Amino acid sequence: MPASGPRPDVLVVGGGLIGLLIARELIRGGARVEVVDDRRAGAASPNAAGMIAPIAESSTDAAFARMAITSRDLWARLAPALERESGISIDYDDTGSILPVLDEPGRKVLAGIRQQATDLGEPTAELGRTELLRLVPDLRPGIEAGLLLPGEHRVDNRLAAAAAAAALERQGVTLHRATVERVTEESAGVSAAGAGFARDAGAVVICGGAWTPAIQGLPTLPIRPVKGQMIAFDRIDWAFTGAIRTPSFYAVRRAGNRLLIGASVEHTGFDLSLTDDVGNGLASAAADLLPALRDRQPVEHWAGLRPGTPDGWPLVGQLSERLHIAAGHFRNGILLAPLTARMIAPMVLGRPAAPVVPVPAAMRPRRFGPCTR
Ligand SMILES: Cc1cc2nc3c(=O)[nH]c(=O)nc-3n(C[C@H](O)[C@H](O)[C@H](O)COP(=O)(O)OP(=O)(O)OC[C@H]3O[C@@H](n4cnc5c(N)ncnc54)[C@H](O)[C@@H]3O)c2cc1C
């Protein structure tokens with residue numbers, strides 16, 4: 001059934017964190033916006049770890065790190081604004097990440113990360129055993145030092161997405177629940193349609209995460225699902241509320257007494273099954289660092305699908321005159337969501353909504369060659 005009411009200026013297809021923050025930015029720019037989302041199991045935004053980790057996530061790529069730092073800085077302003085606009089607390093935490101020194105090779109890697117952070121103008125601090133134990137009393141014996149990256153933050157991604165949706169609804173934005181099967185660009189706009197849904201809009205922004213290439217009417221897009229399984233423990237009572245990162249897993253606090261452990265990287269298509277070998281592997285890696293976890297059972301085990309691209313960079317920009325894309329954020333979509341919204345909104349509106357952040361060439365949707373329609 002066609003949706004009723006005046007045609008929106010922009011229809012955002014996909015209401016994960018990327019689509020929701022883009023919708024918010026478009027509204028700030030004065031556009032009439034609607035969002036359509038079908039709440040698929042395995043969507044990345046509600047199933048992520050919520051790390052806003054610009055340094056540890058980009059140890060080999062300074063260009064990526066600089067962009068990530070810009071987005072981290074946008075989060076610091078966005079988090080209180082989203083809470084105000086929605087009335088929902090999103091558990092934004094700017095304590096930092098701890099990278100413990102596990103062995104001699106690890107010490108060298110951490111020295112490199114520390115140097116990279118310094119080159120980027122980011123603060124670092126060395127932690128000794130006493131300070132480590134004050135923050136994380138469960139740390140196993142033998143870990144004498146660690147690196148603190150205070151510029152790495154985190155957020156409860158489930159609450160952040162819920163807050164972004166609630167903030168839009170408070171502003172009267174319609175959030176349709178439907179699947180868009182096809183988009184068709186016409187001379188005066190774009191129509192989006194699926195079973196029981198049809199809507200015309202002045203422009204469309206595609207934000208379908210890992211499922212983006214399935215939408216008909218788009219060029220061929222090299223986005224593939226990359227599954228990540230995670231587990232969570234309760235009854236954590238440390239002072240430290242940030243994240244701990246090691247080469248084999250990360251542990252991320254949540255408000256209250258929860259600790260998330262992640263994540264596998266599996267190229268198994270759209271399969272979302274939970275496997276004991278991965279769950280047990282994460283639990284045992286975490287217990288090796290934090291022995292108190294050895295006697296506990298995880299309280300949750302879940303999986304999500306990261307939208308992967310061949311080079312790990314997202315696709316952000318214009319596909320054709322009225323059709324835009326922001327998808328393929330792989331491991332960093334929570335981190336990069338605010339910056340993505342700031343980049344794409346002015347392109348869609350054809351005018352700056354705020355100071356324009358240009359989309360770097362590394363994110364252009366056509367960088368993998370001519371897109372065929
Ligand atoms: C286990 C795991 C851990 C992660 N940890 C982090 C982290 O710590 N930090 C970080 O920055 N990133 C992390 N990520 C990555 C991050 O979650 C993603 O990059 C980001 O959430 C992508 O957001 P999105 O809105 O593009 O996609 P999604 O969140 O997947 O949203 C896409 C939405 O589009 C909808 N949709 C799709 N197709 C259609 C259609 N045809 N019609 C209607 N609706 C449609 C879906 O239902 C879905 O709601 C993690 C991901 C996983 C899986």
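Ala263 lies in the loop between β16 (259–262) and α7 (276–289), where helices (H or I, at least four residues) and strands (E, at least two) are DSSP runs numbered from the N terminus. A cis peptide bond, with omega of about -20°, joins Gly262 to Ala263. The model is a predicted one, in which local features need pLDDT of at least 70 and side-chain atom pairs count only at pLDDT 80 or more, whereas totals for chains, interfaces and linings use all residues. Residues are numbered from 1 along each chain as its sequence is written, and side-chain values use heavy atoms, with hydrogens and water left out.

Positive phi values in residues other than glycine are found at Arg235, near 65°, and at Phe330, near 45°. Arg235 is placed in the loop between β13 (224–233) and β14 (243–245) and is exposed, with a relative accessible area of 56%. Phe330, in the loop between β19 (323–327) and α8 (333–349), counts as partly exposed at 23% relative accessibility; on this scale, computed with a 1.4 Å probe over protein chains only, buried means under 20% relative accessible area, exposed over 50%, and partly exposed in between.

The chain is divided into domain 1 (1–92 + 154–222 + 310–373) and domain 2 (93–153 + 224–308), with bounds that come from an automatic or database domain assignment. Taken over C-alpha atoms, the centres of domain 1 and domain 2 are separated by 28 Å. The contact (heavy atoms within 4.5 Å) takes 37 residues from domain 1 and 36 residues from domain 2. Domain 1 and domain 2 bury about 3,100 Å² between them, 58% of it on carbon and sulfur atoms, buried area being the accessible area (1.4 Å probe) that two parts lose on being put together, summed over both. On the side of domain 1, Ile55, Arg154 and Phe330 lose the most area to domain 2, together 24% of what that side buries.

Between domain 1 and domain 2 there are 4 salt bridges, each defined as a side-chain nitrogen of Lys or Arg within 4 Å of a carboxyl oxygen of Asp or Glu. A salt bridge is also formed by Asp156 with Arg254, whose closest N and O atoms are 3.8 Å apart. α2 (44–47), β3 (51–52), α3 (62–86) and α6 (157–170) each supply at least two residues of the side of domain 1 that touches domain 2, and α3 gives the most, with 5 residues.
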